[in-house]
Amino acid sequence: MPEIRFSQSVSARREQGALVVTIDNPPVNALSAHVRSGLMAALDHATDLPTITGLVITGAGSTFIGGADIKEFGKPPMEPMLSEVIDRIETFEKPVVCSVNGSALGGGCEVALACHGRIAGEKAAFGLPEVKLGIVPGAGGTQRLPRLIGTIAAIDLIGTGRTVNVSEAVALGLADGTAADPVAAALTLLRELGAKPLRRTGLMAVPTVDAAAVSAAEAKVLARARGQSAPVEAVRLVKAAGQVDLKQGLAEERGTFLRLRDSVESAALRHVFFAERAAGKVEGLETVSPRRIQTIAVVGAGLMGAGIAVSALTSGCRVIALEQTKEAAADARARIAETLDKTVRSGRMDADGRDDCIARLQTTAEAADLVTADLVIEAVFDDLQVKMDLFRRLDGILAPGTILATNTSYLDPDVIAAATTDPSRVVGLHFFSPANVMRLVEVVDCAKTAPDVLASALAFVKRLGKLPVVCGVTEGFIGNRIFSAYRREAEFMLEDGAVPDEIDAAFEAYGFPMGIFAVNDMAGLEIAWARRKRQAATRDPAARYVEIADRLCEAGRLGRKSGRGWYAYPNGERTVDPEVTAMIKAARAAKNITPRAITAEEIMGRLLKAMVDEGTALLAEGIAARPGDIDLVMINGYGFPAHKGGPMFTAQQGKDLKS
């Protein structure tokens, strides 16, 4: 049968008496206006032809429907509305089955929920991730999902925005089955459905469930929300599905969606969304092809190096881990294997996957074994001479085409690159610890980094499933330079009258997972101490300098690892230490500072100003390309609450309100 075209992105063919409707709107089959109108036209066509027994809806490519069209964000709505399309599908007099060939996200999942049957392909995934944009599903997701899979599972999926794979979707009842050829299976299901009353999701009763179980599921979601409104509203709407009829529930959902869509929280999360799409894009690299990277070497397989190795292994790379001795290499292998074992125990990988990773891992004490590597990442002690000596040594061993990357946090990668005969092959890859967990990687474009080396580094980071943010060379790059600025401001406030737990409490109340001084203790105080000692000779003697942190280090208080830092840690529990309070009072007295009470509002105001001022300087110096890049670094590396958009977004909001 010839193809029937209903819009620029929706076409169909007749097969086994049914109309197989295909959405082809690359790259992710978003629900653009022409997709919605095309689906309506296909339903009209099936209505007009009695010989058509029903419809199968599927997607072209690797996605079923990836959600709303982001190009329509902020524009006047265009008919038909998605809710109208979904209602038409659910109430259609002939069976409609979706063949979910790939991801069904947001509105795509809501379309699937409205169908009378759902067959999932082997690579299908389902999710309602709207809370990640500060909104709730707006086309029936909160009302239909609990009717189909129950209140507790719906609270989890909608409240967290997480995506489920095929096996979980089938187990939940979200999909009726899975098949290697989901269209063929959908046609079979369509014939079966034609012989009995259609199952319309919106008319189903929400399964009865124990109230205590619902409360437990709700508490779990809200504990993760940390001040966000959308998860709270999502849970409320899911619970309402069991208390009101579909019409009432849909009206309440739509009103909530519109209210949240216009909120600052949603604007912040949309800002983050678009910032992530822009991250890693570098002017001039559009036509540069990255090099092939299949084998990577990690030099130094401690906590950081092992994390990098695990990330590379789980992304399919071959990994060579170099240590100084055979014993250290054996320990590195055990460390990497244990991290992979933890991944298996958590259910994020199966045993076969772990075994495949281990088969691609080589640990060695012989630098000559790195000769096959396409990319070498050093993760040794953050000492300039150590890193320069290492790069000088590697320069004489590795092939000319091998890329060299330094994972330094504060040191100048241009100086490290100068130790090689070809600085153009050197790039910075600043991973955050633990590297196998943290998404952020600052990709440092050094003074002489070749374009294809930078492009290769970006492609590699994306292959790891991480978020690359490109920056120029400066001490601390984007993140640690800003961190140093607001840590310095926090220490000023100690002299002015605050104490560490007050500052940390204000930070956590704002939405950070951990306060500044608690973070310092967790990371260890000695690295920043070493940096301050390096800078001592060039520090402006007129600039304000707080010596309290130096006194802590001199007293052996290096953080959690030593059992004492800004806090004491008896039995591993963080507690306020009177000894630190006394040291702070002594520092004030030495400078004749009369302490005063500092409110949580002032604390956060000063800390945010320090972040914004340093971010503004980074933009002016060309170290950061976009304000959004700075926000992404602060959110993904330092715990800035995503639903507040990052410091630069927050500052812009303040300007907009004043203008």
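Contact is taken here to mean heavy atoms within 4.5 Å. The structure is a predicted model, in which local features need pLDDT of at least 70 and side-chain atom pairs count only at pLDDT 80 or more, whereas totals for chains, interfaces and linings use all residues. Residues are numbered from 1 along each chain as its sequence is written, and side-chain values use heavy atoms, with hydrogens and water left out.

His-643 lies in the loop between helix 25 (627–638) and helix 26 (647–658), where helices (H or I, at least four residues) and strands (E, at least two) are DSSP runs numbered from the N terminus. The relative accessible area of His-643 is 9%, and the residue is therefore buried; buried means under 20% relative accessible area, exposed over 50%, and partly exposed in between, with a 1.4 Å probe and protein chains only.

For the chain as a whole, 26 helices and 19 strands are assigned, and 53% of the 659 residues count as buried. A compact globule of 659 residues would have a radius of gyration near 26 Å, and the 28 Å of the chain agrees with this; the radius is taken over C-alpha atoms, and the globule rule is 2.2 Å times the number of residues to the power 0.38. Along the principal axes, the C-alpha atoms fill a box of roughly 90 × 60 × 50 Å. Of the contacts in the chain with a separation of 6 or more, 73% are accounted for by residues 24 or more positions apart.

Strand 18 (residues 440–444) is largely enclosed by the rest of the structure, because 5 of its 5 residues are buried. In a regular strand the side chains alternate between the two faces of the sheet. Leu-440, Glu-442 and Val-444 point one way from strand 18, while Val-441 and Val-443 point the other way. Two strands are said to pair if DSSP finds at least two bridges between them. Strand 17 (residues 426–431) runs antiparallel to strand 18 and is joined to it by 4 bridges, with Val-441 of strand 18 as the bridge partner of Phe-431. Strand 19 (residues 467–471) pairs with strand 18 in the parallel sense over 5 bridges, and here Leu-467 of strand 19 is the bridge partner of Leu-440.

Helix 12 (residues 303–314) is likewise a largely enclosed element, since 10 of its 12 residues are buried. The buried residues of helix 12 include Met-304, Ile-308, Val-310 and Leu-313. At 1.5 Å a residue, helix 12 should span 16 Å, and the 17 Å between its end C-alpha atoms agrees; the expected span is 1.5 Å times one less than the number of residues. Helix 12 is followed by Gly-316, whose phi is positive, near 100 degrees.

Phe-6 is placed in the loop between strand 1 (4–5) and strand 2 (10–15), and is buried, with a relative accessible area of 16%. The residues that Phe-6 touches, not counting those up to four places away in sequence, include Leu-19, Gly-38 and His-45.
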